[in-house]
Amino acid sequence: MIRVQDATPYSLVVGVDGSEASIDAICWAADEARLLNTQVIAVHAWQPTEALRAPYASMSGVPTPQEDRDHAASILKNAVFQLLDTDPELQ
């Protein structure tokens, strides 16, 4: 999981979910951050899959909490990599 340690007080926060619209949103946020001379903090919210299951439902095939975290991290990482692919000068 990626964590921001040194966020500036005026950072732009953008949510990503892997959709085309969220990629557009992170690209827009990067453009705005450049104009405002600040940073972008990309976030992805998720809920463990097991929390969405009925207590009587079978748990076979349900991802583990670690697999859920890994999947959420990959969605966020892929969005950031797509942004960097479109604008390699970003830091």
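Colleague: Thanks! Where is N37 placed?
Modeller: N37 lies in the loop between α1 and β2 (40–43). Helices (H or I, at least four residues) and strands (E, at least two) are DSSP runs, numbered from the N terminus. Before we go on, this is a predicted model: local features need pLDDT of at least 70, side-chain atom pairs count only at pLDDT 80 or more, and totals for chains, interfaces and linings use all residues. Residues are numbered from 1 along each chain as its sequence is written, and side-chain values use heavy atoms, with hydrogens and water left out.

Colleague: Is N37 buried or exposed?
Modeller: N37 is exposed, because its relative accessible area is 71%. The cut-offs are under 20% for buried, over 50% for exposed and in between for partly exposed (1.4 Å probe, protein chains only).

Colleague: And what is its phi?
Modeller: N37 has a positive phi of about 55°, although it is not a glycine.

Colleague: OK, zooming out. How many helices and strands are there?
Modeller: The protein has 2 helices and 2 strands, and along the sequence they follow the pattern β-α-β-α.

Colleague: How much of the protein is buried?
Modeller: Buried residues make up 22% of the 91 residues. The protein exposes about 6,700 Å², with carbon and sulfur atoms supplying 54% of that area. Those areas come from the Shrake-Rupley method with a 1.4 Å probe; for residues, only the protein chains shown count as cover.

Colleague: What share of the contacts is between residues 24 or more positions apart?
Modeller: Among contacts with a separation of 6 or more, such pairs account for 64%. Contact here means heavy atoms within 4.5 Å.

Colleague: Now the helices. At what angle do α1 and α2 pack?
Modeller: Helix α1 (residues 20–36) and helix α2 (residues 65–86) pack at about 55°, and their axes are 10 Å apart. That angle makes α1 oblique to α2. Axes are lines fitted to C-alpha atoms, for helices over the stretch in contact, and angles run from 0 to 180 degrees between N-to-C directions. Under 35 degrees counts as roughly parallel, over 145 as roughly antiparallel, 65 to 115 as roughly perpendicular and the rest as oblique.

Colleague: Which residues make that contact?
Modeller: From α1 they are I23, I26, C27 and A30, and from α2 they are A79, V80, Q82, L83 and T86. By class, that gives 7 nonpolar, 2 polar and no charged residues. Ala, Val, Leu, Ile, Met, Phe, Trp, Tyr, Cys and Pro count as nonpolar, Asp, Glu, Lys and Arg as charged, and the others, Gly among them, as polar.

Colleague: What about L12, where is that?
Modeller: L12 is in strand β1 (residues 12–15). At 21% relative accessibility, L12 counts as partly exposed. Leaving out residues up to four places away in sequence, L12 touches A29, E32, A33, L36, T38, Q39, V40 and I41.

Colleague: Last one: how far apart are D31 and D87 in space?
Modeller: They are 9.8 Å apart, C-alpha to C-alpha, and 56 residues apart in sequence. D31 sits in helix α1 and is partly exposed, with a relative accessible area of 42%.
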